[in-house]
Amino acid sequence: MKKLLLSFLLISSLVVAQEKATLLYFNDSHVIYPVVDKHGERGGVARAKTLVDSVKKENKNTIVLQGGDLGGGVLFGAVYHGFPMIEAFNKMPIDISNFGQHEFDFGVTEARNLVNKSKFQWISTNLKESSGKPFNNSKEYIVKKIGDFKVGFLGTTDGMETTIQTTEIYQEDIIKSIGENLEKLKKEKVDFIVLLTQSEPELNIEILEKYPEINAVLAEEKSEKYNFVTYVGDKPIVSPQGNMGSIVKIDIFKNKDGKIKQSLEFLTVDSSVLSDKEMLKLEEFYKEKLDRDLGTVIAKNNVKLDSGFGENHHARYEESNVGNLIADAYKNHFNTEIAFMNGGGIRANIESGDFRLRDVISILPFSNKVGAFKYSGKTIVEALEHGVSSVDKKAGRFLQVSGMEYSYNPKNEVGSRVSNVTINGKPIQLETIYTVALPLYIKNGGDGFQMLKNTMGVVEIDSEKNIDSDIFIDYVKKIKVLNPKLEGRIVVK
């Protein structure tokens, strides 16, 4: 009898082991090789591949998920538009990728090309073509049989107002899109539902409270250094480190009473992990290529160009010396009275020393076009007001300026936060028309600048040379020595 009981327990434990499914998840995959900064050294596809292979060896019922943002956002993405990441993820391989807004930084056609070169599936629950169909025929939901579990996946994209503006696609309401596709998943009789999301934590919590049938939310990074888990009941919202600094591992299994449970842990992607040899060759190839392509010295930099990027992000709430330099470049190029630069578009800090092409692309990685337009003083003040409307959240809409000064108090009432606006030393006149150089991204309504669509005329726009980085390069070469200072252009009260 004891032998029979022992055999039964052994068989039962084997069944449970066979039923376990494993999900591996990472996101913020901007760079193919490890990132080295003040937070240390982390990431890299070669180390990630080693960890993925190790987990798959432990459990063959494993799938790999990528949460989005493999396109622009940093120097590497600006130069190669995400295609090396596709090459790496095809080799890893991953199974499903969600869309981040950075996949669209170089236009819809380039995003389609990324999808078409992928050997894995892309999911988009809420990105629609102008026709209303899912973007590029992506799946609105995906069902995978992983071991003995049937797992359903949803993938939502947020923040499309922060990338290139287009009428080809649109971001459908996230809550609505999830609800509609959950109904479809229920008909599939799935055991476990996972949401890949690019939304802020507050919205992720709202989603889980409204749709408790979702078992786990795999979110974008909240930190370059730390992992975060927030629970709504027993349902986790999981945010791994940025720049592929960690991989989330979720095991799905049945406990003794037959109920489906999950456990999670973070796998750190750092120097303690041996690099996969073939992937390491791919990393080294692109690192050397980038050095060759962008190593030319174009100026001498006497000061640190400081936007606070990756640290306090101060270009999103106060004057920045590199913000001044960029806005000056735009104003000089178009010979306008003033110029704007949205603080969220400044993506690097550069130490003093030789200033190279790679530094320009690090600072301005999105290849945005810049134009010059005519605006009333009233519209300019409205734009400044909008720019300071979310400084508490360090939103990218905050405006760095050239040719003008302004003050603001974030505690004042909406519409009265901005004051003391001057242009060339004279108080702004609301009915006067001024010439303004600015990125087409905000001119077309990006970051919520709807008022900037209302121009009073065009100064210059139709030029292939009007790419932000090209304008900046020309200006830097012209002045030869960089020494931008804080000049009181923006005063925070």
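Which backbone nitrogen does the side chain of Q66 reach? I began the notebook with that one, working on a predicted model.

**Entry: Q66**

I followed the side chain of Q66 and found that it reaches the backbone nitrogen of G68, at 3.2 Å. Q66 belongs to strand 4, residues 62-66. I looked up its relative accessible area, which is 0%, so Q66 is buried. I then listed what Q66 touches beyond four places in sequence. The list runs through Y25, F26, N27, D28 and S29, then F89, I94, I96, S97 and N98, and it also holds L196.

**Entry: backbone angles**

D69 is not a glycine, yet its phi is positive, near 70°. I placed D69 in the loop between strand 4 and helix 3. With a relative accessibility of 3%, D69 counts as buried.

D447 also goes into this entry, with a positive phi of about 60° in a residue that is not a glycine. Its loop is the one between helix 12 (440-443) and strand 26 (457-460). D447 has 10% relative accessibility; the cut-off for buried is under 20%, so D447 counts as buried.

For the peptide bonds I recorded M92 to P93, which is cis, with omega near -15°. P93 sits in the loop between helix 4 (83-91) and strand 5.

**Entry: helix 2**

I checked the length of helix 2, residues 45-58, against its residue count. At 1.5 Å a residue, its 14 residues should span 20 Å, and the end C-alpha atoms are 20 Å apart, so the two agree.

**Entry: nonpolar cores**

In soluble globular proteins, nonpolar side chains tend to be buried together. I looked for the largest nonpolar core here and got 78 residues. Within that core, the residues with the most contacts are F76, F89, F355, I363 and F472. Helix 9 (residues 321-334) gives the largest share, seven residues. Apart from this core lies another, of 30 residues, among them F373, L399, V418 and I442.

I took I363 for a contact list, leaving aside neighbours within four places in sequence. I363 is in contact with L305, V322 and I326, with G345, I346, R347, A348 and I350, and with F355 and F472.

**Entry: aromatic rings**

How many aromatic pairs does a search of the whole structure find? The search finds 14. I wrote out F76 and Y80, an edge-to-face pair with 5.2 Å centre to centre and 65° between the planes. F76 and Y80 both lie in helix 3 (residues 75-80), four residues apart, about one turn of the helix. An α-helix has 3.6 residues a turn, so residues three or four places apart point the same way. F76 is buried at a relative accessible area of 3%. Y80, at 12% relative accessibility, counts as buried.

The next pair is F104 with F135: the ring centres are 5.2 Å apart and the planes stand at 65°, so the pair is edge-to-face. This pair links distant parts of the chain, 31 residues apart. F104 is in the loop between strand 5 (96-98) and helix 5 (108-116), while F135 is in the loop between strand 7 (127-129) and strand 8 (141-146). Both F104 and F135 are buried.

I also found one aromatic cluster formed by Y33, F76, Y80, F285 and Y286. K287 lies over the face of Y33, at 5.4 Å from the ring centre. Elsewhere, the charged end of K222 sits over the ring of F228, 4.6 Å from its centre.

**Entry: K38**

Is K38 buried or exposed? At 57% relative accessibility, K38 counts as exposed. I located K38 in the loop between strand 2 (35-37) and strand 3 (40-42). Leaving aside neighbours within four places in sequence, K38 is in contact with G310 and E311. K38 and E311 are 273 residues apart in sequence, and their C-alpha atoms are 9.2 Å apart in space.

Conventions:
Residues are numbered from 1 along each chain as its sequence is written. This is a predicted model: local features need pLDDT of at least 70, side-chain atom pairs count only at pLDDT 80 or more; totals for chains, interfaces and linings use all residues. Side-chain values use heavy atoms; hydrogens and water are left out. Helices (H or I, at least four residues) and strands (E, at least two) are DSSP runs, numbered from the N terminus. The expected span of a helix is 1.5 Å times one less than its number of residues. A nonpolar core is a set of buried Ala, Val, Leu, Ile, Met, Phe, Trp, Tyr and Cys residues joined through side-chain atoms within 4.5 Å. Buried means under 20% relative accessible area, exposed over 50%, partly exposed in between (1.4 Å probe, protein chains only). Contact means heavy atoms within 4.5 Å. Rings of Phe, Tyr and Trp (its six-membered ring) pair if their centres lie within 6.5 Å; planes under 30 degrees apart count as stacked, over 60 as edge-to-face and the rest as tilted. A charge sits over a ring if NZ of Lys or CZ of Arg is within 6 Å of the ring centre and within 35 degrees of the ring normal. A polar contact is a pair of N or O atoms within 3.5 Å; within protein, one must be able to donate a hydrogen and the other to accept it, and residues adjacent in sequence count only if both atoms are side-chain atoms.
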